[in-house]
Amino acid sequence: MKAERETNDRLIAHFLSDKIGATFEGRISGVTRAGLFVKLDDTGADGFVPARTIGSEYFRYEEDLRAMVGNRTGETHRLGDRVTVKLVEAAPVAGALRFELLSEGHMAARPQQRPSDRPSGKPRHERRKEKSYRKRRR
């Protein structure tokens, strides 16, 4: 079964190798720290979108959400989301496909940090003042 799967991956990568730059519809089939796995609708091919190429901001992996979440905007790409991708690289020998994500993620409401969640319950600039004051007194 493993050999059959590997052969299938290689054949699909070979078939798609002349379609570099083409866009495809698919679904996010896996989320890891390294990036997103996407399964294409047309061919059933699996490919990878590296995390560093997802957007113009830093995306962090949220295991409990099974998602990549943008630090600045809260843009979210979750397991099962429909996406549009562009084929960037096809390696027939390895049976690997690399995509670029064209779809925007969902905009999730970013939870605001409440004063009670902060270590001292005070804003950061006040904690800094206290810390520098304590250093000077020593």
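Let's start with K19, which has 28% relative accessibility and so counts as partly exposed, sitting between the 20% and 50% cut-offs. This comes from a predicted model, so keep in mind that we're reading a prediction here.

K19 forms a salt bridge with D18, and their closest N and O atoms are 3.8 Å apart. What about D18 itself: buried or exposed? D18 has 62% relative accessibility, so it counts as exposed.

## Two other pairs

Why do pairs like this turn up at all? Side chains of opposite charge can pair when their charged atoms come close.

Have a look at R60, which forms a salt bridge with E62. Their closest N and O atoms are 2.7 Å apart. R60 counts as partly exposed, with a relative accessibility of 29%.

Then there's E89, whose side chain meets that of R98 in a salt bridge, at 3.0 Å from N to O. E89 is partly exposed at 38% relative accessibility, and R98 is partly exposed too, at 29%.

How many salt bridges are there by this rule? The count comes to six, and the pairs above are among them.

## How confident is the prediction?

The protein chain has an average pLDDT of 84, and 78% of the residues score at least 70. Over residues 111–118, though, the pLDDT is below 50. Leaving aside near neighbours in sequence, that stretch has four contacts in the model.

Conventions:
Residues are numbered from 1 along each chain as its sequence is written. This is a predicted model: local features need pLDDT of at least 70, side-chain atom pairs count only at pLDDT 80 or more; totals for chains, interfaces and linings use all residues. Side-chain values use heavy atoms; hydrogens and water are left out. A salt bridge is a side-chain nitrogen of Lys or Arg within 4 Å of a carboxyl oxygen of Asp or Glu. Buried means under 20% relative accessible area, exposed over 50%, partly exposed in between (1.4 Å probe, protein chains only). pLDDT is the predictor's confidence in each residue, from 0 to 100. Contact means heavy atoms within 4.5 Å.
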